[in-house]
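Here is a short briefing on one predicted model. Start with the chain and its fold, then read the notes by topic.

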Amino acid sequence: MYDQRTDEVPAAPPTPAPDEHEPTTVERGSFCTARCGCGWSGPARRSRDRARTDAAEHRAAP
């Protein structure tokens, strides 16, 4: 069995704070939807650019 040294173990990616929104876009067929870890999801759009705009608007919302 191989034991990894501590300098070989990759660092864990930082987890966003619960109040931060980090929406992403998800493609399903010819539609694209913006979704966030907080449970929010935007409408399905044929325009990927508009779905990215929805995500940016959600990120900027208080």
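The hairpin of β1 and β2 has 2 residues between its strands, and G29 there takes a positive phi near 65 degrees. The two strands pair in the antiparallel sense over 5 bridges. T25 has A34, in β2, as its bridge partner.

**Helix α1 and its buried side**
- Helix α1 spans residues 48-60, 13 residues in total. Its first and last C-alpha atoms are 19 Å apart, close to the expected 18 Å.
- A51, D54, A55 and H58 are buried in α1. They sit on the same side of α1, because they cover an arc of only 95 degrees around the axis.
- The cover over these buried residues includes β1 (24-28) and β2 (31-35).

**Salt bridges between separate parts**
- The structure holds 5 salt bridges.
- One of them joins R59 and E22, with the closest N and O atoms 3.5 Å apart. R59 is in helix α1 and E22 in the segment before β1, 37 residues apart. R59 is partly exposed, at 40% relative accessibility.
- R48 and E27 also meet in a salt bridge, at 3.3 Å from N to O. R48 lies in α1 and E27 in β1, so the pair ties together parts 21 residues apart in sequence. R48 is partly exposed at 27%, whereas E27 is exposed at 54%.

**Salt bridges in a network**
- D54 and R50 form a salt bridge at 3.5 Å, N to O. Both lie in α1, 4 residues apart, about one turn of the helix.
- D54 is buried at 6% relative accessibility, while R50 is partly exposed at 32%.
- A network of salt bridges links R45, R50, D54 and E57.

Methods
Residues numbered from 1 in each chain as written. Predicted model: local features only at pLDDT ≥ 70, side-chain atom pairs only at ≥ 80, totals over all residues. Heavy atoms only, no water. Expected span 1.5 Å × (residues − 1). Buried < 20%, exposed > 50% of the residue type's maximum accessible area, 1.4 Å probe, protein only. Arc of directions from axis to C-beta. Contact = heavy atoms within 4.5 Å. Pairing = 2+ DSSP bridges. Salt bridge = Lys/Arg side-chain N within 4 Å of Asp/Glu carboxyl O.
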